[in-house]
Amino acid sequence: MAKKKVVQLGKDTDINTAYQIERFLVAEARILDEERYDDWLTYLDADISYQMPIPINTYRRNRPSNTTFSQTMIYDENFEKLQQRAAREDTGMVWLNDPMTHHIRTITNIESFCTDDPAVYDVRSKFTLLRSRRNRDHVSHTGSRKDTLVKTSDGFKIRSRLVHLPERVIIDKNLNMFF
Amino acid sequence: MSSFDYSSLINEETAQQSRSIFWDPDIYQEELKQIFNRCWLFLGHDSQIPEAGDFLRTYMGEDDVIVVRGEDLEVRAFLNACSHRGNKLCQAEWGKTKSFTCSYHGWAYDTSGNLAAVPLEEEIYDNLDRSQLGMVPVARVQNYKGMIFGTFAQEGPDLIEYLGDAAYYLDVVLDASPEGMELMGSPYRVEIRGNWKLPVENAIGDGYHVAWAHAGAMRVVGTIGQGRSDTVLGIGKDNATFDTTGQVQVAIPPHTILSTLDGQSGYALYDNPGPCIDYLEKTRPSVIDRLGEVRGKQLYGSETHMGIFPNLQIIQGLNLLRVIHPKGPGSFEVATFSMADKNTPDDVKEIITKHVGQTFGTAGILEGDDGDFTEAITHSADGYATRQMKGWLGMGEGRKIDWEGPGDASPGIVNELCQREFYQQWKRAMTASNVAEILPTQTSNQKGSK
């Protein structure tokens, strides 16, 4: 492999901001585990972009072509779409989640960087999301996230989230959960 | 001939199917041989491999297959296995290459499948004949309007004969414009612990489950969820009413069609169908010119599910194409692609690809509901007593309706005609002593056919 330059992601935030950001992400994970989707929506910026691409399994030195194969999104949502997904969970008519599906989200490797805008932070993290339902459906998903957080008078809001889940073929029936 | 009692496995008189067909490992092995090793199977689309050296990988049954456009621009397909020791020749999902080189000992094949180079060949071999050691080709690869199909059967019907009257319906998607259809992006791929036949019959014919199985989603998306109408696809709010008017399920053995015939409801589940409907109506006159009134007015734009036996589903309106790959008796992998006519404006294509992801992608709010049922139906039959049960698909039996297109029609998309036909065809393929017998002997209703 070619040698890669170390990429400077940005200036570290001060320690207090880093702590607040960590608390924010951990609290977000907890309210999602607790199925408090309306509360979760208040953590989101109204202009949020929420994306998860399919991993592309081509050769490292893939040659260019005019193929229609391209980057494709598993999630490519705005606020309204996330609201719709949250509303579906709350209908009480998603049979797959009754009995309740259990989620345990672990957020770690949190890195917080300053950006050109003093109210905007570039935050990277790793996650493990264990989903457990029925008798034997226990699947653990591990991935990374690149978030843009905005500090407002009402606390942090997530303005963008890019989720990388390195699973080409999903063996967990679906990915109908929030990452 | 096989040792299975097919008359008891699939009973057309009672519309019952033995639950063991979803469970029995021996039946599954017979399916790989009788169905997946003999039928025409969908491999890919021209738009995915337009240039010399472009390749993709897919499955034919459980066989890993490379589909590649050679330097002569011919599309060929090969087993993804080195002639030397059987290692996979390609681990990439798609790409462009001049050769396939085995990662084990370095044998290299050109894009026409010839063994082109063997490391140390002069030094170590006195008996190696490269002309005898090419990649193993899929016996026949043929193309229908951009759709690439392959079969392991050396003989038997050509693709066009195999598609038969289904081509009349496929053309609404493939031939609505001179440029035709294209697939868009990478497929969503999900493996589910269920038998491969269940997601097939669900997609080609089960209109009954839509409002109930997907009740949560129906409350938030589409015409009902968005408050545009009190019904979706003829089904009333809370699954309380159903109007069969103007809808059909059609048997065109070995294939099936389900359609709402209203020319627009393919977009019933979209939150923002406006630009799609505008494009539909703008193009409709030219589609009527190309394909005639029945297809241009009634089929174009309708919710239309085309089931191509055994494992391909093309769903117009939702604009997705799905292939179900068997993975043992108790598992399957589904690959779901977005599709659109090549001339579709970019903003409409974007609405379509996002909609496919949001409804029937890996995190699709409808797709996610079905995996539970297929798993339960398949694996509850692990129990000896449970698999003595029969499934029943008697809905709509005996109800007939006049329909101007080819095939025998029954009214309403909530109907089990297509599913009954699928299992009848399954039986026909499983018992066929030669490839030609996989197709029904009597041709179906040909009226309206070109």
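Predicted model: local features only at pLDDT ≥ 70, side-chain atom pairs only at ≥ 80, totals over all residues.
In this briefing, Ala, Val, Leu, Ile, Met, Phe, Trp, Tyr, Cys and Pro count as nonpolar, Asp, Glu, Lys and Arg as charged, and the others, Gly among them, as polar.

**The largest pocket**

- Its lining is made up of 24 residues, and those nearest the centre are E201(B), D206(B), I377(B), L393(B) and Q419(B).
- Sorted by class, this lining has 12 nonpolar, seven polar and five charged residues.
- At least two lining residues come from each of these elements of chain B: α6 (197–205), α7 (210–213), α13 (367–379), β22 (390–392) and α14 (417–431).
- Among the contributors, α13(B) gives the most, with four residues.

**The second largest pocket**

- Two or more lining residues come from each of β1 (10–11), β2 (16–18), β23 (408–411) and α14 of chain B.
- The largest share, five residues, is supplied by α14(B).
- By class, the lining of the second largest pocket divides into seven nonpolar, nine polar and 10 charged residues.

**An element to look for in both**

- Helix α14 of chain B supplies at least two residues to the lining of the largest pocket, and α14(B) also gives five residues to the lining of the second largest pocket.

Terms used:
Residues numbered from 1 in each chain as written. Chains lettered and ligands numbered in written order. Heavy atoms only, no water. 1 Å grid on protein atoms, 1.4 Å probe; cavity = no way out; pocket = protein on both sides within 12 Å on 5 of 7 lines; lining within 4 Å.
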